[in-house]
Amino acid sequence: MTPSEIMQLVTGMDGYIGDVTKIPFERIQKGRDLVWEYNRTKPSDTKRQEQLLRQILGTYHEGVVIQPGIAFDYGFNTHFRGTAFLNFGVTILDTSPVMIGTHCFIAPQVTISCASHPLDAAQRAAGIEVSRPIVIGDDVWIGANATICGDVTIGDGVVIGAGAVVLHDIPAHTVVAGVPARKIRDITPDACIPEGNIEF
């Protein structure tokens with residue numbers, strides 16, 4: 001398989017099972033160097049941050065805010081559809097595409113991981129990796145230290161509790177928590193904070 005054919009699998013929405021040592025490393029290394037620079041850019045230098053994110057990400061949106069400590073496997077496989085806020089120390093193992101909707105909040109130390117490995121130790125040692133895409137809908141809030149695993153679609157308006165491990169698709173407008181994550185409740189109009197309780 002040619003490097004171009006391998007990259008089609010890596011950037012495609014079907015995922016893959018393959019030898020990661022055959023993925024063109026130069027493109028990956030360039031992205032990691034840019035992420036290293038991004039994490040050391042002054043918080044006040046928003047112009048340079050934007051320039052770097054445009055080079056790092058597969059799809060950039062000007063409303064994306066990413067706090068320092070971000071880590072990507074590739075960067076070019078992460079796509080934003082709109083505004084989003086990623087807090088400190090988020091890790092995105094985007095060995096397959098990670099599609100993030102608009103108005104998403106991703107709390108500190110969240111891990112979004114397309115990558116997995118075979119159960120067989122010899123295959124792991126040989127560099128075989130299993131990778132599946134992740135799709136995150138609009139208006140999603142992912143709590144601190146949560147983990148989102150590959151081959152998962154998260155519906156619009158979902159809230160994921162802190163420390164949850166998401167292994168399966170989550171329907172829209174639900175709250176999930178736990179290990180593995182389970183539905184806690186639906187998000188209904190009564191979840192809204194009464195206007196009189198908002199102090200400023």
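Biologist: How many bridges join E1 to E11, and are the two parallel or antiparallel?
Modeller: Four bridges join E1 to strand E11 (residues 128–131), and the two run antiparallel. Strands here are DSSP runs of E with at least two residues, helices are runs of H or I with at least four, and both are numbered from the N terminus. Two strands pair if DSSP finds at least two bridges between them.

Biologist: Before we go on, what kind of model is this?
Modeller: This is a predicted model, where local features need pLDDT of at least 70 and side-chain atom pairs count only at pLDDT 80 or more, while totals for chains, interfaces and linings use all residues. Residues are numbered from 1 along each chain as its sequence is written, and side-chain values use heavy atoms, with hydrogens and water left out.

Biologist: Okay, back to E1. Which residue is the bridge partner of Asp 19 in E11?
Modeller: Ile 128 is the partner of Asp 19 there.

Biologist: And what sheet do they belong to?
Modeller: An open sheet of three strands, in the order E1-E11-E10, with antiparallel pairing. E1 (16–19) and E10 (115–116) are the edge strands, each pairing on one side only.

Biologist: Which residues of E1 are on its covered face?
Modeller: Tyr 16 and Gly 18 are on the covered face, whereas Ile 17 and Asp 19 are on the uncovered one.

Biologist: New topic: what does E18 pair with?
Modeller: Strand E16 (residues 159–160) is joined to E18 by two bridges, running parallel. E18 also pairs with strand E19 (residues 182–186), this time in the antiparallel sense and over four bridges.

Biologist: Which residues stand opposite each other?
Modeller: Val 159 is opposite Val 175 of E18. On the E19 side, Thr 174 has Asp 186 as its bridge partner.

Biologist: Which residues of E18 are covered?
Modeller: E18 spans residues 174–177, with Thr 174 and Val 176 on the covered face and Val 175 and Ala 177 on the uncovered one.

Biologist: What's in the turn between E18 and E19?
Modeller: The two strands form a hairpin with four residues between them, and Gly 178 in the turn has a positive phi of about 105°. Pro 180 is in that loop between E18 and E19 as well. A cis peptide bond joins Val 179 and Pro 180, with omega at about -10°.

Biologist: Where else is phi positive, in a residue other than glycine?
Modeller: Gln 109 has a phi near 65°, and so does Asp 151. Gln 109 is found in the loop between strand E8 (104–106) and strand E9 (111–113). Asp 151 is in the loop between strand E14 (147–149) and strand E15 (152–154).

Biologist: Are those two buried or exposed?
Modeller: Gln 109 is partly exposed, with a relative accessible area of 44%. Asp 151 counts as exposed, because its relative accessibility is 54%. The cut-offs: buried is under 20% relative accessible area, exposed is over 50%, and partly exposed is in between (1.4 Å probe, protein chains only).

Biologist: How many aromatic pairs turn up in the whole structure?
Modeller: The search finds one aromatic pair. Tyr 74 and Phe 76 are stacked, 5.2 Å centre to centre with 15° between the planes. Rings of Phe, Tyr and Trp (its six-membered ring) pair if their centres lie within 6.5 Å; planes under 30 degrees apart count as stacked, over 60 as edge-to-face, and the rest as tilted.

Biologist: Why does Tyr 74 count as buried?
Modeller: Because its relative accessibility is 5%. Phe 76 is buried too, with a relative accessible area of 11%.

Biologist: Which residue lies over the face of Phe 76?
Modeller: Arg 27 does, at 4.1 Å from the ring centre. A charge sits over a ring if NZ of Lys or CZ of Arg is within 6 Å of the ring centre and within 35 degrees of the ring normal.

Biologist: Last one: where is Pro 97?
Modeller: Pro 97 is in the loop between strand E6 (91–93) and strand E7 (98–100), and at 1% relative accessibility it counts as buried. Pro 97 and Gly 75 are 22 residues apart in sequence and 9.4 Å apart in space, C-alpha to C-alpha.
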